[in-house]
Amino acid sequence: MKALLTTLLLLLAGHALAQESVVAGLSQDRIDITANFDGSDLIIYGAVKREAPVPQGALDVIITVEGPSEPERVRRKSRVFGIWINTDVVVIDQAPSFYAVATTGPFSQVVSDTDDLRNSISIPRAIRSVGAPQTVDKAQDFTDALIRLRSAKGFYRMSEGGVRLTDQTLFRTDVDLPANLVEGNYKTRIFLLRDKKVVNLYEKTIFVRKVGLERWLFRLAHQQPALYGLLALAIAAFAGWAASAGFKLLRN
Amino acid sequence: MQIYLPIAEVSVNAFLLFGLGGIVGLLSGMFGVGGGFLITPLLFFIGVPPVVAVATGANQVVASSVSGVLVHLKRKTVDIRMGTVLMVGGMIGSAAGIWLFNVLSRLGQIDLTVQLSYVVFLGIVGTMMLQESLRSLRRARNAVPVKRSQHLWVHKLPLKVKFRTSGLYISVIPPLLVGFGVGVLAAVMGVGGGFIMVPAMIYLLGMPTKVVIGTSLFQIIFVTAFTTFMHALTNQSVDMMLALMLILGGVIGAQIGAQLALKLKAEQLRVLLALLVLSVAVKLAFDLLVEPNELFSVAAGAA
C-alpha cells in the first residue's frame, strides 16, 4: 500500500513537472545525399504547450542535433630520435560524427551542471570516454584534442543564443548541416528548461541516406566487392583507351 | 561544383579533383611514373581518408598508365618482353610486400615506415638521378660521345635472353630482382613504383631512356590493377566516383605529357624528374623533423 502511494505521488510530481511540454517540427526529417550534395539547412521550430498558467522562473530551450557515434582513435605525436612520430594513442569509446548545440543564452546560465551531466548535453559530455590506458598521462588532452579538431572542421558546434524564443512560447533555430555528412540516423533533441532544470524533452530522428548512384555504388562496393573492383578497373582501362583514341582523332 | 564521394563520405570540388588528376597524368605521360607518390599525399591533403586515398590512387594510376602506354606502343617504345619479366617479379614482390605491410601494421608503425621509406628512397633516387643527368647534360654540351659501360656484372649471369626493343642481351635474373624489389616497395608505400623502376631500368639494367618510360608504364598497369583489386576486395576502399574524376583529368594529362616528352631531350627529362622526386622527399623529411602545429590526429575505429 505504501509502495503504491509512493508511486502515485511520483506520478503526480512527474505530471506537475510536465505541465509544460514541447510541440515541434523539423523542416525535413529525411535528408538525401545525392552526387552533388553540398550540405543542407535544417530548421527546427516549435512551441511550448501549457495546460496551466505560465509558471515562475526563467524559461530556456536547448536544441541538439547528433550524428551517428563511432569509436575514435586519437593519436599524439612526440619527438623520438629527432623525428616526430605517433607515440601515444587513446581510444575514445563513442564520439558523434556531428554534434551541434544551440541554446537561448550562455550555456552555464541555461542549464545546471547536474542536468547537463544527466542528459549529456554539452559537447564534452556528449563524448563517452570510459578508460584511457594507464600508460598515457593527461588522457583528457586527447578528448580536448578531438573536440578541437572536430570544431575546427565545423563538425562540433556550440551556438549560445542560437535559439530564438518569442513570448515564452515560440522557438526556432537553424542548423546548417555540412557537406561532409556521414550517413546514419541523426538524433534531434529539444530540451525545455525552467530555472536551469530540464522539464521536458522532445526527440525526433532525421534519416540521412545516400540515394541514387551514390547508394548503388556504396552497396555494390560492400556486397559485390570483386565485381566492384573489376568494374573500377574496366572503367579505368576504358578511360585510358578512350583518351588515347580521342587524341589520335584530334591530331588527324 | 561540389561532389559527394560515396565511399570516402566527403564532399569535394569536382574541378579540384579534375585538376589534380590532370597534373598527375601529365607527369605520368612525361616521365613514365604512375604518379602514385604524388596523388596519394595530395588526396590526404584535401581530406580524403588515407585508406580510400591509397586504393583510389592506384585505380587512377591504372587509367593514366593505359592512356600513356598506348601512345608509347604506337611509337614502338615498349619492350613487352622486358615488361613481362619485370611484371612477374613485381607480382611476387607485391605479394611479399602486402605480407610485410600487414606485419608492420600489427606493430603499429606503418605510417612512420611509409614516410621514412618515401624520404629515403625518393632522396636517394632523386640525388642519383640529378647528379647523373646533370653530368650527361654537361657532356652533351661538350659534345663528347657518351660511352655506355658494356661489361657490368649483370652480363655475366646465366639464363640470357634477347630483349630486342631495348637492344640488350642479358640474363633474366636482374630484371626479375628489380621487379621484385620494386613490387615490395610499391605494396608497402602504396604506389606503382615507377619512380624507382625508371632509374633502376636505366642504371641497373642499362636500358635506353626512350624505351624505359613505355616499359615502366606497361608493367605499372598490372601492378596497380592488382593493388586496386585487392583493396576493393578486402577493404572496400576504392571510391569509384573519386577515381572517375581523377581519371578524367588524368587521361587527358597523360596524353599531353606524352606529347611534351617528345619535345624535350632525355637528359632534360631526367633532370626534371629528379628535381620533382627530390622536392617531394625534402617536403616529407621536413614534416618529420619540424614540430607539427597539431600534435593530435583522429582516426576512426577502435581496433
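This briefing describes the domains, a sheet, a helix and the chain contact of the structure above. The model is predicted: local features need pLDDT of at least 70, side-chain atom pairs count only at pLDDT 80 or more, and totals for chains, interfaces and linings use all residues. Residues are numbered from 1 along each chain as its sequence is written, while chains are lettered from A and ligands numbered from 1 in the order in which they are written.

**Domains of chain A**

- The domain assignment, which is automatic or taken from a database, divides chain A into domain 1 (22–210) and domain 2 (211–252).
- The C-alpha centres of domain 1 and domain 2 of chain A are 39 Å apart.
- Six residues of domain 1 of chain A are in contact with six residues of domain 2 of chain A, contact being defined by C-beta atoms, placed from the backbone, that lie within 7 Å.
- On the domain 1 side, strand E2 (30–33) and strand E12 (197–210) of chain A are the elements that give two or more residues; strands (E, at least two residues) and helices (H or I, at least four) are DSSP runs, numbered from the N terminus.
- That side of domain 1 of chain A has two nonpolar, one polar and three charged residues. Nonpolar covers Ala, Val, Leu, Ile, Met, Phe, Trp, Tyr, Cys and Pro, charged covers Asp, Glu, Lys and Arg, and polar covers the others, Gly among them.

**Sheet of chain A**

- Four strands of chain A form an open, antiparallel sheet in the order E1-E3-E10-E9; two strands pair if DSSP finds at least two bridges between them.
- Strand E1 (20–26) and strand E9 (164–166) of chain A each have a single partner strand, so one side of each is left without a neighbour in the sheet.
- Three bridges join E9(A) to the antiparallel strand E10 (residues 170–177) of chain A, and Arg164(A) has Arg172(A) in E10(A) as its bridge partner.

**Contact between chains A and B**

- Chain A and chain B each bring 47 residues to the contact.
- Strands E5 (69–80) and E6 (83–96) and helices H5 (139–152), H6 (212–223) and H7 (225–251) of chain A each supply at least two residues of the chain A side.
- H7(A) gives the most to this side, with 15 residues.
- The chain A side divides into 30 nonpolar, eight polar and nine charged residues.

**Helix H3 of chain B**

- In H3(B), 21 of the 25 residues are buried, so the helix is largely enclosed by the rest of the structure; a buried residue has 20 or more other C-beta atoms, placed from the backbone, within 10 Å of its own.
- Lys76(B), whose phi is positive, near 60 degrees, follows H3(B).

Methods. Two residues are in contact if their C-beta atoms, placed from the backbone, lie within 7 Å. A residue is buried if 20 or more other C-beta atoms lie within 10 Å of its own, exposed if 12 or fewer, and partly exposed in between; C-beta atoms are placed from the backbone.
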